[in-house]
There are 2 protein chains.
Amino acid sequence: MDEERLRRYAELVVRVGVNLRPGQDVTIEGYVEHAPFVRAVARAAYEAGARHVEATYSDQIVTRTRVELAPAETLDWVPDWQIARLKSHADREAARIAIRSQPFPFLLDDLPRERVAPVQNNRLRELSSRQHTTEQVAWTLVGFPTEGWAEAVFGEPDLERLWEAIAHCVRLDEADPVAAWQAHVDRLLARAGALNELGVDALRFHGPGTDLTVGLLPRSRWMSAGGETVFGQWHIANVPTEETFTTPDPARTEGSVRSTRPLTIGGSVVKDLEMRFAGGEIVEARASSGVELVEAQLAKDGGARRLGEVALVDGTSRVGDTGLVFFDTLFDENATCHIAYGRGFADCVDGHEGKSLAELGVNDSAIHTDFMIGGPEVDVDAVTRSGETVPLLRNDVWQLGEGS
Amino acid sequence: MDEERLRRYAELVVRVGVNLRPGQDVTIEGYVEHAPFVRAVARAAYEAGARHVEATYSDQIVTRTRVELAPAETLDWVPDWQIARLKSHADREAARIAIRSQPFPFLLDDLPRERVAPVQNNRLRELSSRQHTTEQVAWTLVGFPTEGWAEAVFGEPDLERLWEAIAHCVRLDEADPVAAWQAHVDRLLARAGALNELGVDALRFHGPGTDLTVGLLPRSRWMSAGGETVFGQWHIANVPTEETFTTPDPARTEGSVRSTRPLTIGGSVVKDLEMRFAGGEIVEARASSGVELVEAQLAKDGGARRLGEVALVDGTSRVGDTGLVFFDTLFDENATCHIAYGRGFADCVDGHEGKSLAELGVNDSAIHTDFMIGGPEVDVDAVTRSGETVPLLRNDVWQLGEGS
């Protein structure tokens with residue numbers, strides 16, 4: 001274990017990720033295999049003035065055993081105290097550092113899909129996701145290299161190689177990562193600003209298997225890099241982050257889309273996902289593997305079949321330039337353009353303060369699942385409110401002038 | 001990792017320890033270093049018909065960091081959801097398997113005692129202990145070998161040697177451990193029966209530095225091996241267990257006692273503890289190291305200075321016959337006679353059903369701390385209600401006839 005690298009990563013997550021306030025409570029969520037990082041983050045948090053740090057571990061192996069052996073009707077059951085735990089973070093205006101990378105990305109992939117799905121879509125995951133998209137806590141999602149993850153990415157447990165890739169993605173390979181992040185965030189915010197100035201009414205994606213139009217709301221606002229909690233704390237929700245995103249009109253997506261990267265859902269993999277939209281709704285979903293997991297999510301509620309997010313990522317992405325498939329959405333969605341079915345973001349609508357998703361016309365659902373649809377072969381255009389078509393991405397190159 | 005040994009140990013804990021009922025919920029509490037055992041126990045529990053298994057991990061390293069760096073006034077703080085978690089186990093009549101051995105028994109020993117004590121005596125620990133002594137859950141306390149624990153015991157991280165010692169203590173070295181436990185439990189229960197028949201009014205301990213009389217209640221009842229929950233589930237509360245114990249009269253302990261083994265309190269060690277009692281109360285406590293930790297407990301409440309337990313263990317103990325000091329109370333208290341200051345046991349009083357500790361005349365306190373006072377040099381006598389003095393232990397040999 002390279003202790004200095006670990007320390008720098010922990011400091012980055014505390015200072016840049018959640019942008020910790022002195023006196024704030026912190027919760028760190030990780031898997032057992034993440035213990036070295038959980039410990040480093042706990043230390044960094046206390047050093048930055050945290051009042052109390054709570055470390056909560058999940059165990060993917062125990063989850064696998066549950067899927068294998070527990071009574072079928074109990075698989076989506078969650079004890080009330082776990083709900084109380086999440087609510088207490090919002091009540092205390094806490095910072096939440098969630099180490100989301102799966103120690104073994106394919107661990108549940110050989111198990112019956114109908115037993116995996118209930119575990120993946122329970123009310124705990126819904127609440128956690130909802131707290132994030134509604135900015136109830138100062139949250140950041142991060143990854144931590146494990147041998148099992150390296151095995152999934154490289155076909156061999158080359159932990160050091162994964163560490164180097166991740167260090168590059170999160171800018172730990174810079175002399176001063178915190179300063180490098182500031183420059184990166186400024187660049188992403190400028191990109192969001194340019195898109196907002198453009199006045200985008202719809203996006204068009206064209207590529208192999210993809211001919212998709214995503215219509216936005218009249219007041220959809222482009223965001224990037226971070227968000228602000230309901231109690232006014234700026235934070236970087238994803239480390240890494242490379243996207244500029246907004247929340248679309250749930251009724252205005254039309255056409256077909258083919259995913260360009262596998263989608264990993266909690267230990268299972270969905271391959272070659274394709275979807276067809278009509279009137280904003282997913283009317284068909286296909287995949288060469290794992291479509292049952294997607295179908296289970298789409299059946300959750302009315303909003304599950306409509307889009308909550310559209311996000312643009314170009315070839316300058318540090319995740320994309322590794323050339324790797326990470327089998328982890330946090331990383332893979334920051335390699336390329338993506339969309340999410342399910343709940344959207346209130347704060348991606350101008351004048352959202354104090355209004356519900358329904359009042360804002362934003363899609364609502366128990367779920368929010370991103371999948372990747374971009375790449376060098378996928379052209380992206382904006383159709384502006386004045387009816388102009390403006391190229392945004394060609395061969396993964398950003399087309400709007402960004403100054404020098 | 002010897003998977004077969006792990007599997008047998010897990011099965012023992014589930015079948016004998018908590019005596020799991022089909023359909024019952026299970027909580028497994030361990031430290032991060034215990035993950036292989038937590039996983040094996042979770043599997044054994046599901047295989048035995050558990051409805052839901054919840055694995056909750058603590059992190060001793062994060063606790064150390066907290067003691068080092070958190071604001072002093074927050075060190076005894078516990079989030080409400082952790083209290084809700086324990087209560088939910090009682091509400092669900094769950095089984096609780098607590099892996100209590102510390103991964104690093106001396107981890108907090110160099111930190112300021114006044115910062116360690118609040119972490120050791122918070123309301124979470126009180127509730128957990130109280131749920132156990134009042135039989136709200138089907139509980140068992142167990143240990144799991146780690147390199148850090150082996151280092152504490154042997155001065156080197158000889159994990160295999162610690163495994164062998166523990167396997168011996170918990171009868172995993174028997175061809176059929178479950179059957180061996182049944183015979184062991186029967187023998188311990190017979191010993192409790194013999195003491196109950198004897199009609200003990202008080203115990204006398206004589207040895208180097210020890211001249212102690214512990215008076216019992218008129219209806220104190222000797223127990224051993226296990227207990228029964230308020231919902232009627234027999235379980236073995238300690239694995240290993242070698243003791244025959246009861247709850248004394250809180251007002252009738254007199255004299256002086258010298259501990260015969262170090263007392264380990266959550267990562268810190270109290271050495272050479274001596275206490276003087278008058279009118280049932282601890283009026284003086286001394287130690288060559290760590291007395292501040294004991295003093296902090298004694299200051300908790302009125303009952304902390306009075307006894308809640310007296311327990312007899314002879315030289316046939318499998319823990320004792322290893323010749324080791326484990327620096328872990330679960331093991332060390334099962335090597336030799338011990339007493340506990342703080343809360344007593346309702347079910348060690350005849351006719352206790354539905355009555356409070358106060359109604360029964362049993363000591364009550366937030367704490368319950370066992371320490372070891374027996375050994376070959378300590379003679380133990382019973383004074384019977386009819387005034388007779390009956391030898392119980394000489395040179396660690398049990399003196400009451402036990403049949404053949």
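User: What makes domain 1 and domain 2 of chain A the named parts here?

Analyst: The domain assignment of chain A gives domain 1 as 3-169 and domain 2 as 198-222 + 242-398; such bounds come from an automatic or database domain assignment. This is a predicted model, where local features need pLDDT of at least 70, side-chain atom pairs count only at pLDDT 80 or more, and totals for chains, interfaces and linings use all residues. Residues are numbered from 1 along each chain as its sequence is written, chains are lettered from A and ligands numbered from 1 in the order in which they are written, and side-chain values use heavy atoms, with hydrogens and water left out.

User: Why are strand 15 and strand 21 of chain A called edge strands?

Analyst: Two strands pair if DSSP finds at least two bridges between them; strands are DSSP runs of E with at least two residues, helices are runs of H or I with at least four, and both are numbered from the N terminus. In chain A, eight strands form an open sheet in the order 15-14-11-6-5-19-20-21, with antiparallel pairing. Strand 15 (281-286) and strand 21 (397-398) of chain A each pair on one side only, as edge strands.

User: How do you know that strand 5 and strand 6 of chain A pair?

Analyst: Six bridges join strand 5 (residues 200-207) to strand 6 (residues 210-216) of chain A, and the definition asks for at least two, so they pair. Ala202(A) stands opposite Gly215(A) in strand 6 of chain A.

User: Why is helix 4 of chain B called roughly parallel to helix 6 of chain B?

Analyst: Axes are lines fitted to C-alpha atoms, for helices over the stretch in contact, and angles run from 0 to 180 degrees between N-to-C directions. The axes of helix 4 (residues 80-91) and helix 6 (residues 123-133) of chain B come within 10 Å and cross at roughly 5°. Angles under 35 degrees count as roughly parallel, over 145 as roughly antiparallel, 65 to 115 as roughly perpendicular and the rest as oblique. Therefore helix 4 of chain B is roughly parallel to helix 6 of chain B. Among the residues that meet are Leu86(B) in helix 4 and Leu127(B) in helix 6 of chain B.

How values were computed: Contact means heavy atoms within 4.5 Å.
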